[in-house]
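Reader: I'm new to this one and would like someone to walk me through it. Could you put it up so that I can ask as we go?

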Amino acid sequence: MDFNDTAEEAAFRSEARAWLQANAPKVNLAGLPEKEVLKHAKAWQAKKAEARYACITWPEKLGGRGGTPIQQVIFGQEEAKVGAPRGFFDIGLGMCIPTVMAFANDETKARFVGPAVRGDEIWCQLFSEPSAGSDVAGLRTKAVRDGDDWVINGQKVWTSGAHYCDFGIVLVRTDPDVPKHKGLTMFWIDMKDPGVTVKPIHQMSGGSNFNEVYFENVRVKDSQRLGAVGDGWKVALVTLMNERLAVGGATGPNYPELLSLARSTPSGDSSALEDKAFREKLADWYVQAEGLKLTRFRSITALSRGQTPGPEASIGKIVSANQLQAMSSEAMEVLDQYGIISDPELAPLEAGFQQSVMWAAGLRIAGGTDEILKNIIAERVLGLPGDVRVDKDVAFKDMPTGL
Amino acid sequence: MTADRATGAKPVNFDYSDDQKFLKSEARKFLDARATAKVNRAVLDDPAKSYDPELWKAVAEMGWLGAAIPEAFGGLGLGHIDLCAIAEELGRVVAPIPFASTVYFFAEAVLLAGTEAQKADLLPKVASGELIGCFATSEGPGAATAASLSTTVLDGAINGVKIPVTDGDIAHKAIVLASEGGKPGLFIVDLATAGKETLKTLDPSRSAAKLTFAAQPAERLGGVGEGIALMEAIFDRAAVLIAFEQVGGADKCLEMAKEYALGRYAFGRTIAGYQAIKHKLADIYVKNELARSNAYYGAWALNTSAPELPIAASAARIAGCEAFWFAAKENVQTHGGMGFTWAVDAHLYYRRAKQLGLVAGAARSWKERLVSQLERRNAA
């Protein structure tokens with residue numbers, strides 16, 4: 001047990017580091033509008049693709065490097081240090097393109113894989129709907145066959161990046177007369193189609209990181225179908241299998257910032273850091289945060305040894321999201337009455353905790369709610385039975401909707 | 001070596017090695033056969049028994065007592081991570097033997113602070129199983145401090161009372177925290193003539209005693225006035241090893257709760273299908289994994305004598321105490337009324353969770369210690 005690379009890993013790390021030093025963009029992205037950041041991100045992605053660092057584990061003929069998962073991890077660690085723009089391509093390359101590669105015909109694959117790897121085209125995933133969140137198979141956006149085409153009508157929600165994406169994969173209902181999982185079909189679509197309307201969602205945190213996507217008589221060719229008619233759920237599972245790789249944990253202020261804040265905040269004759277109750281909580285959060293970091297190390301160790309990471313990776317988001325919310329709330333408590341101020345000019349850390357207390361509420365829901373994640377741990381990790389499904393044998397059109 | 005070396009970018013060998021995994025699986029086979037709940041209960045149910053001498057002898061024959069003791073002193077010289085693997089398995093079976101007192105406290109103290117002569121004298125006897133050791137610091141409610149010490153050493157003779165001392169009633173020798181000329185120190189004391197009174201405790205499968213010293217010879221371990229610093233360093237080492245027992249016990253509790261829930265039917269179906277139960281077991285799983293990861297880091301720090309050990313040990317201890325207690329109490333809860341009976345084994349773990357949770361100092365003290373360390377690191 002140690003923290004050392006193997007010889008091959010060390011060699012790859014120094015090679016990656018050298019390349020990053022020489023090639024990473026030297027721009028300060030802070031405060032730039034998203035459009036500008038996107039421009040830099042695309043240029044950087046193209047450069048990585050050219051050097052075969054874009055999709056390290058993919059085969060060379062698909063624009064990858066034919067490398068190992070641990071090389072991907074190592075490159076990611078080194079890339080994070082140089083402050084290169086990131087995040088725009090994760091869903092496309094992590095979830096959508098693997099689905100395209102698994103289910104599309106050769107012509108479609110040849111058309112899309114290269115541009116996605118190079119960052120010329122960006123993809124989004126269109127699954128969630130206003131009435132289909134945790135129960136995504138209950139979705140209602142429908143596609144109706146019309147000759148060699150399908151016509152799509154309905155609405156998707158919580159679509160990351162829809163406003164800058166070129167293409168998407170969309171899960172729709174093609175048969176309401178069979179039980180919900182059996183009547184779904186997957187297609188790829190062009191987001192620039194005139195029937196597609198993207199509207200930003202105004203979040204409780206004030207920002208807009210996600211979108212609603214409306215489909216009004218969007219016509220797609222049958223050749224845009226991914227998988228068989230009625231097999232959409234099976235296709236979606238392939239997409240979602242890759243979700244863990246694409247969705248990250250919580251980012252935001254952590255215990256070092258909280259410790260500094262408490263130290264600099266007066267309380268009685270001393271600082272808030274002298275408060276016994278506060279110190280106990282701080283210790284708990286340190287132990288949790290370290291525990292998560294070290295749990296990631298265990299997953300990486302499995303990759304390094306050529307094994308599949310164990311189920312321990314599944315605890316990441318559930319712990320980090322709850323911790324971020326609790327810690328942000330406590331940080332505001334430390335500030336006492338002053339804690340309500342969210343003006344970055346006035347609040348400590350440019351109001352970082354006031355922002356994260358709002359953002360954390362969403363993080364506990366995004367990419368699987370706390371409750372669904374606990375079901376997943378219970379069912380897939382511990383092997384406990386699934387829930388009783390009262391809708392299992394009911395035709396979708398006969399399912400109670402509460403409406 | 002820097003304080004955040006492990007936060008760097010090279011965490012690729014953070015697990016037991018294949019050899020250690022083999023040792024662990026052999027230990028599990030051995031203990032599943034030899035350290036059943038029946039063995040624990042034989043000690044638990046009989047006030048005259050303080051441990052299981054047969055199991056103790058068998059464990060000694062396996063070489064486990066000397067796993068981390070260098071070969072020069074009669075041990076196997078495997079290192080601390082191997083000892084951690086053994087500890088995890090001992091925790092799973094709530095073994096009724098003085099392993100922690102003798103190995104994690106007594107032997108670690110001698111390894112840390114002993115002279116060559118003390119090591120040569122004591123460690124081979126620990127490794128062979130002929131010497132049961134214990135660690136005596138507490139004198140009453142609350143943690144022992146330099147100011148609160150009333151046990152004293154004068155001209156090589158010790159006087160005072162220590163309570164409770166885990167395994168004090170069966171140990172041959174104790175390492176005792178006592179004040180010498182107003183300065184705290186650690187002392188090796190032979191217990192042959194000391195007063196020993198077995199105490200009624202929460203986990204009778206791990207006995208504890210009140211030790212009364214009346215001018216017994218006391219030999220200093222470590223320097224004059226180093227008692228508190230040494231005690232803390234010994235607690236750090238023991239905390240990591242105990243964290244592995246806690247992780248083993250907590251994992252076992254999760255398995256017990258799962259097995260029971262799957263087999264228990266209510267309202268027409270297995271209770272393991274209800275989200276109230278599923279989420280409870282998922283919560284246990286999350287805490288157990290966090291505890292395991294923190295314990296691994298502690299193991300690494302212990303095995304390499306890293307300067308991060310005090311922080312790593314604190315985190316391992318806090319996470320271990322939290323995980324085992326939570327798993328133990330929710331295991332009882334999952335068993336419902338059956339869980340509250342003497343016949344079901346859930347209470348063996350409930351008891352041991354509290355015993356291990358206090359024997360190296362309460363988690364609340366460790367939290368304070370951790371934050372103090374973080375303050376120092378943060379300021380540096």
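Reader: Let me start with the strands: how many bridges join β3(B) to strand β7 of chain B, and do they run parallel or antiparallel?
Author: Bearing in mind that this is a predicted model, β3(B) is joined to β7 (residues 208-221) of chain B by eight bridges, and the two strands run antiparallel. One pair that you can look up there is Thr166(B), whose bridge partner in β7(B) is Ala208(B).

Reader: And what joins β2 to β3 in chain B?
Author: Strand β2 (residues 152-154) and strand β3 (residues 157-166) of chain B are antiparallel, with three bridges between them. Within that pairing, Val153(B) is found opposite Ile158(B) of β3(B).

Reader: Which residue in the hairpin of β2(B) and β3(B) takes a positive phi?
Author: That is Asp155(B), with a positive phi near 50°, in a hairpin that has two residues between its strands.

Reader: Stepping back a bit, into which domains is chain B divided?
Author: Chain B has domain 1 at residues 5-131, domain 2 at 134-223 and domain 3 at 228-379. Between domain 1 and domain 2 of chain B, the C-alpha centres are 23 Å apart.

Reader: How many residues of those two domains are in contact?
Author: Domain 1 of chain B brings 16 residues to the contact, and domain 2 of chain B brings 18. On the domain 1 side, α2 (37-44) and α5 (99-113) of chain B each provide at least two of the residues that touch domain 2, and α5(B) gives the most, with five residues.

Reader: What sort of residues are on that domain 1 side, by class?
Author: The side of domain 1 of chain B that touches domain 2 is made up of eleven nonpolar and five polar residues, with no charged ones.

Reader: Changing topic to helices, at what angle do α7 and α10 of chain B pack?
Author: Helix α7 (residues 227-263) and helix α10 (residues 346-359) of chain B pack at about 155°, and their axes are 11 Å apart. Because of that angle, α7(B) is roughly antiparallel to α10(B), and the crossing is left-handed.

Reader: Which residues make that contact?
Author: From α7(B) they include Ile242(B), Glu245(B) and Met256(B), and from α10(B) they include Tyr349(B), Arg352(B) and Leu356(B). By class, the residues of this contact are seven nonpolar, two polar and three charged.

Reader: Then over to chain A: how do α8 and α9 cross there?
Author: In chain A, the axes of α8 (residues 255-264) and α9 (residues 276-304) come within 10 Å and cross at roughly 160°, so α8(A) is roughly antiparallel to α9(A). This crossing, too, is described as left-handed.

Reader: What are the classes of the residues in the contact of α8(A) with α9(A)?
Author: There are nine nonpolar residues, and neither polar nor charged ones. Among them are Tyr255(A) and Leu258(A) on α8(A), and Phe278(A) and Trp285(A) on α9(A).

Key: Residues numbered from 1 in each chain as written. Chains lettered and ligands numbered in written order. Predicted model: local features only at pLDDT ≥ 70, side-chain atom pairs only at ≥ 80, totals over all residues. Domains from an automatic or database assignment. Contact = placed C-beta atoms within 7 Å. Helix = DSSP H or I, 4+ residues; strand = E, 2+ residues; numbered from the N terminus. Nonpolar A, V, L, I, M, F, W, Y, C, P; charged D, E, K, R; others polar. Pairing = 2+ DSSP bridges. Axes fitted to C-alpha atoms, helices over the stretch in contact; angles between N-to-C directions. Parallel < 35°, antiparallel > 145°, perpendicular 65-115°, else oblique. Left-handed = near helix turned anticlockwise from the far one by under 90°.
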